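Student: I would like to learn how to read some features of a protein model. Where do we begin?

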Amino acid sequence: LREMPRTGDGNFSHDRLISRYNEDLANDLGNLVNRSIGMLQRYCNGVVPNATEHRNENLRSLGDSLTERIAKGLDEFDFRAAIAAIWDLVTAANKHVEETKPWELAKGAKNGDETATAKLDAVLADLIESIRIAGASLTPFIPQGAGRIRTQLGLENDVTAADLAWTDSLAGTIIPAASPVFPRIELEPIQT
């Protein structure tokens, strides 16, 4: 859906489908889920922090505006715009990981730096909340994949309107270890 134009003909090929799956789902979203939950396991014993300071306002703003942006795209029968809104959040969350370097914050936290601890808690809480909202928002587009994300977070697959708002509802929850939600598709060369 993200690849096809709203009007006119689209250009479909299996190679493009696999490339889009690997780039968007396996690399962008799948890696975000695995890496965020992996860091949560390593640095917080799997417990989602209840952070109140050092939160990322850009992620929250993207999360808060997501329902409205998706609805606008769908009202205009523009699936690409609706999915692009979700991917803005995914991209911003991945960028947040690179900018904040949670692995470095964890070193400071391990050495007793209270500011590093508070920042690490905020980063992990923001990442988990971003994943939760992205998973809920993707349900109409990729129900099984979105369900795997929700399962990773220990959530039921039934999505309600409340699931689409930034709530920090998972604070204090223990999240199980991650497993790939979108494994890469590797094609084997055809033997002739």
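Tutor: We begin with a definition: a charge sits over a ring if NZ of Lys or CZ of Arg is within 6 Å of the ring centre and within 35 degrees of the ring normal. Keep in mind that this is a predicted model. Here, Arg42 lies over the face of Tyr43, at 5.4 Å from the ring centre.

Student: How many aromatic pairs are there?

Tutor: A pair of aromatic rings is described by the distance of the centres and the angle of the planes. Rings pair if their centres lie within 6.5 Å. By this rule, the count is zero aromatic pairs.

Student: How many helices and strands does the protein chain have?

Tutor: The chain has six helices and zero strands. Along the sequence the pattern reads α-α-α-α-α-α. Of its 192 residues, 41% count as buried. Among contacts between residues at least 6 apart in sequence, 77% join residues at least 24 apart.

Student: How do I check the span of H3 against its 22 residues?

Tutor: The expected span of a helix is 1.5 Å times one less than its number of residues. The 22 residues of H3 should therefore span 32 Å, and the end C-alpha atoms are 32 Å apart, which agrees.

Student: Which residues of H3 are buried?

Tutor: The buried residues of H3 include Ala82, Ile86, Trp87, Leu89, Asn94 and His96.

Student: Which residues touch the most other members of the largest nonpolar core?

Tutor: That core has 44 residues, and those touching the most other members are Leu29, Ile86, Trp87, Ile149 and Leu153. Helix H1 (14-44), H2, H3, H4, helix H5 (114-138) and H6 each supply at least two residues of this core. Take Leu153: leaving out residues up to four places away in sequence, Leu153 touches Ile37, Ile128, Ile131, Arg132, Leu170 and Ile175.

Student: Is Arg150 buried or exposed?

Tutor: Buried means under 20% relative accessible area. Arg150 counts as buried because its relative accessibility is 3%. Arg150 is in helix H6 (residues 143-152), and its side chain reaches the backbone oxygen of Glu156 at 2.8 Å. Not counting residues up to four places away in sequence, the residues that Arg150 touches include Ala136, Thr139, Asp158 and Asp163.

Student: What should I look for in phi?

Tutor: Most residues other than glycine have a negative phi, and most peptide bonds are trans. Phe77 is not a glycine, yet has a positive phi of about 55 degrees. Phe77 lies in the loop between helix H2 (57-75) and helix H3 (79-100). Its relative accessibility is 62%, so Phe77 counts as exposed.

Student: Which residue with a positive phi follows H3?

Tutor: Lys101 follows H3, with phi near 50 degrees. Lys101 is in the loop between H3 and helix H4 (102-110). At 32% relative accessibility, Lys101 counts as partly exposed.

Student: How far apart are Asp168 and Ser130 in sequence and in space?

Tutor: Asp168 and Ser130 are 38 residues apart in sequence, and their C-alpha atoms are 9.5 Å apart in space. Asp168 lies in the segment after H6 and is partly exposed, with a relative accessible area of 23%. With residues up to four places away in sequence left out, Asp168 touches Arg55, Arg60 and Glu129.

How values were computed
Residues are numbered from 1 along each chain as its sequence is written. This is a predicted model: local features need pLDDT of at least 70, side-chain atom pairs count only at pLDDT 80 or more; totals for chains, interfaces and linings use all residues. Side-chain values use heavy atoms; hydrogens and water are left out. Helices (H or I, at least four residues) and strands (E, at least two) are DSSP runs, numbered from the N terminus. Buried means under 20% relative accessible area, exposed over 50%, partly exposed in between (1.4 Å probe, protein chains only). A polar contact is a pair of N or O atoms within 3.5 Å; within protein, one must be able to donate a hydrogen and the other to accept it, and residues adjacent in sequence count only if both atoms are side-chain atoms. Contact means heavy atoms within 4.5 Å. A nonpolar core is a set of buried Ala, Val, Leu, Ile, Met, Phe, Trp, Tyr and Cys residues joined through side-chain atoms within 4.5 Å. Rings of Phe, Tyr and Trp (its six-membered ring) pair if their centres lie within 6.5 Å; planes under 30 degrees apart count as stacked, over 60 as edge-to-face and the rest as tilted.
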